[in-house]
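Have a look at it first, then read on.

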Amino acid sequence: MNFHILVQQTVNGLVLGSVYGLIAVGYTMVYGIIGMINFAHGDVYMIAAYLTAIFLAALTALGIHSPPVVMILVLLLTMACTALYGWSVERIAYRPLRHSTRLAPLISAIGMSLILQNYVRLSQGARNQGTPTFLDGHLRLLEDGPDHFVQITHAQILIVVMAVIGMGLLWYLIQGTAMGRACRAVQQDRIMAALLGVDTDRIISIVFILGAAMAAVAGTLVTFNYGSFDFFIGFVTGIKAFTAAVLGGIGSLPGAMLGGIILGLAESIFSGFVNTDYKDVFAFSLLVVVLIFRPSGLLGRPEVEKV
Amino acid sequence: MRNSWLRDALVTGLVALLLFAPMTGVALSGYTLEGHWQRPLWLALGVVIGRLGLGWLWQRRQGAPASSSGRGWSAWIDAHRPQLIGAALAVAFVLPWFIGKYWLNVAILAWIYVLLALGLNIVVGLAGLLDLGFVAFYAVGAYGYALGFKYLDLSFWTALPAGALLAGCFGVMLGFPVLRMHGDYLAIVTLGFGEIIRLVLNNWMSFTGGPNGVRVPFPSLFGLEFGRRAGPGHVTFHEYFNLPYSNEYRDIFFYLLLLVVVSGMVFVVRRLRRMPLGRNWEALREDEIACRSLGIQPVSVKLSAFGLGAMTGGLGGVFFAASQGFVNPTSFTFMESAHILAMVILGGMGSTGGVIVAAVVLTVLPEMLRDFAEYRGLLFGCAMVAMMVWRPRGLMGMRRALFHRSGVAE
């Protein structure tokens with residue numbers, strides 16, 4: 001086993017895992033609070049990638065070139081706009097179904113996912129899009145010879161740092177503020193929370209906004225790093241992020257991050273040492289196996305169905 | 001009252017403008033942007049008008065008593081059911097002689113979709129198990145025939161039951177561990193399974209040919225081939241009956257065969273629904289805990305629905321492969337599953353007639369509206385959301401008149 005490849009794939013896996021974790025947060029919070037899989041969440045991430053490229057081009061056209069300023073502005077604009085998308089999706093497709101049958105919200109979510117994909121395809125074209133390389137530069141570690149080194153790009157470092165900051169902020173919002181307390185109360189018992197004066201509809205909206213904003217962070221960072229995307233990226237990334245959420249224990253915030261990192265590491269070590277063609281098959285198989293053998297995940301509590 | 005609507009509509013319009021402006025107002029072109037400033041304005045205007053229209057509708061609906069229009073229509077259908085079915089069947093059987101080659105192929109595709117939608121309807125509509133990877137069984141059937149022919153020299157008539165059985169086995173194999181799961185998890189696992197099958201078909205170059213696909217032969221009729229010239233030791237259809245060669249015979253034959261299979265399937269489903277097994281499916285869909293306390297085994301009942309649905313999917317796959325003459329993995333994406341699911345939902349989950357109508361309409365309509373092909377996915381998505389919000393039981397609705405016919409309850 002090649003030590004350099006192992007370290008390199010671990011670094012790549014951590015980066016990939018941070019991205020999965022950021023998206024998984026949206027799945028896990030929504031599932032925790034209203035018990036539905038927000039199938040359109042992956043497409044919200046895809047929208048964030050497009051918005052990043054659009055805002056980047058717009059700022060460049062306006063003559064703003066200083067990298068830190070551009071980066072922060074793009075990130076904030078994308079987060080705001082994507083959060084609005086997240087809110088609208090909930091308002092249009094899920095809120096009217098609050099008291100409907102069990103399958104209705106999931107089917108509606110699949111419809112919403114189709115709508116978002118086709119909306120972006122029709123307005124931006126079906127071809128692969130890109131952004132100019134925005135952050136170049138890299139570090140080399142453990143260098144001993146021309147082909148033996150571990151390379152970490154600045155964009156990768158940025159992804160991990162921003163993921164940690166984003167998760168920290170979210171953790172503070174949920175654990176340290178009155179709004180977060182209301183979120184946790186709704187998650188524990190929606191009817192009781194409503195009886196005690198929590199506006200549950202507002203809290204559910206907030207959860208969708210927070211989830212979309214975190215997906216926007218992921219979308220922006222991935223676009224800065226890879227610079228290439230199309231209207232279909234949300235599907236596979238969304239399923240993998242959902243796998244991460246289930247792996248960590250759906251409903252648990254630290255679980256989502258942990259699940260994301262485990263999945264990212266597993267996937268990148270698998271593609272480094274076994275086979276790149278089958279890396280998606282590996283991730284999906286992991287999903288199936290986890291759901292069959294440990295549906296409550298690593299940090300989740302088993303669900304008891306009540307009459 | 002009026003003012004609050006107007007304010008609502010304006011706020012909605014503003015939100016819509018904010019949503020649409022960056023995404024539709026500019027389009028990425030390379031690393032620069034091209035402006036389409038009028039697009040978001042029109043879209044937002046459309047949203048405002050839609051919002052006002054909805055507000056008006058809601059107010060009217062609140063004022064008026066619940067209307068019973070449509071009741072009479074469905075009663076009429078109920079009363080003339082046998083005649084209607086007979087007429088539809090007769091029309092379907094004579095149809096291939098009156099439509100051209102192009103529409104005959106569309107009709108064949110429509111019946112394949114009807115078969116698939118009927119299979120998915122057993123799983124989603126009757127048993128209430130949301131299967132997002134139905135296309136996997138379709139792929140198993142299609143590749144079962146294609147690879148069976150390539151490696152084992154299977155004929156269509158052997159592949160038909162073999163493909164269905166193979167898909168059924170896959171269904172049971174997947175279903176056995178998975179069916180104990182919570183409903184939403186089941187949906188995701190089946191989705192993952194569907195993608196695994198497609199990715200394996202796509203990547204296993206040496207066995208499946210990967211994206212290049214596999215060639216598939218056309219079925220023969222009692223050894224009579226439909227080509228221009230027969231293979232060694234065979235006779236062609238047109239030579240045997242002393243007819244001039246035309247490949248229309250082949251399509252008509254295929255159409256009729258498919259129609260017979262679909263009719264058989266409809267018959268089986270209708271019978272099953274009245275048998276204890278079918279009743280168990282529907283009971284389980286409504287309340288699993290109540291069923292368990294009445295002694296129904298959820299796993300075996302679900303497994304029978306899942307296996308039967310998978311078999312139907314496999315059957316559809318064999319027909320699809322034979323009609324196309326070629327299969328490759330691009331026919332088995334998640335979009336295909338969503339497409340079949342949309343048919344089941346629009347037809348009304350559980351309603352056989354509704355699902356058939358929806359499958360035919362959703363296959364034929366896009367062919368007629370070629371100019372709008374771009375918007376197909378968007379319309380499907382909108383239809384799914386709108387159905388869930390307004391008519392979760394489907395356009396035709398589900399009929400629950402189960403007991404009064406035998407005179408037990410009334």
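## A hairpin, a helix pair and an interface

In chain B, strand 1 and strand 2 (residues 32-35) run antiparallel and are joined by 4 bridges. Keep in mind as you read that this is a predicted model. The two strands of chain B make a hairpin with 2 residues between them, and B:Gly30, sitting in the turn, has a positive phi of about 65°. Across the pair, B:Val26 stands opposite B:Gly35 of strand 2.

Which residues of strand 1 of chain B are on the covered face, and which on the uncovered one? B:Val26 and B:Leu28 make up the covered face, while B:Ala27 and B:Ser29 make up the uncovered one.

| Domain of chain B | Residues |
|---|---|
| Domain 1 | 2-55 |
| Domain 2 | 84-216 + 256-390 |

Taken over C-alpha atoms, the centres of domain 1 and domain 2 of chain B are 38 Å apart.

Next, a pair of helices. Helix 15 (residues 334-347) and helix 17 (residues 376-390) of chain B have axes that come within 10 Å and cross at roughly 40°. Their crossing is left-handed. From helix 15 of chain B come B:His339, B:Ala342, B:Ile345 and B:Leu346, and these meet B:Phe380, B:Ala383, B:Met384 and B:Met387 from helix 17 of chain B. Sorted by class, the residues of this contact are 7 nonpolar, 1 polar and no charged.

Is B:Leu201 buried or exposed? B:Leu201 counts as buried because 25 other C-beta atoms lie within 10 Å. Setting aside neighbours within four places in sequence, B:Leu201 is in contact with B:Ala139, B:Tyr143, B:Thr208 and B:Pro329. As for B:Leu154, it is 47 residues away from B:Leu201 in sequence and 20 Å away in space, C-alpha to C-alpha.

Last stop: where the chains meet. Chain A brings 57 residues to the contact and chain B brings 47 residues. On the side of chain A that touches chain B, several helices each supply at least two residues, among them helix 2 (41-61), helix 3 (67-94) and helix 9 (233-248) of chain A. Helix 4 of chain A gives the most to that side, with 16 residues. By class, this side of chain A has 39 nonpolar, 13 polar and 5 charged residues.

Methods: Residues numbered from 1 in each chain as written. Chains lettered and ligands numbered in written order. Predicted model: local features only at pLDDT ≥ 70, side-chain atom pairs only at ≥ 80, totals over all residues. Contact = placed C-beta atoms within 7 Å. Nonpolar A, V, L, I, M, F, W, Y, C, P; charged D, E, K, R; others polar. Axes fitted to C-alpha atoms, helices over the stretch in contact; angles between N-to-C directions. Left-handed = near helix turned anticlockwise from the far one by under 90°. Buried ≥ 20, exposed ≤ 12 C-beta atoms within 10 Å, placed from the backbone. Pairing = 2+ DSSP bridges. Domains from an automatic or database assignment.
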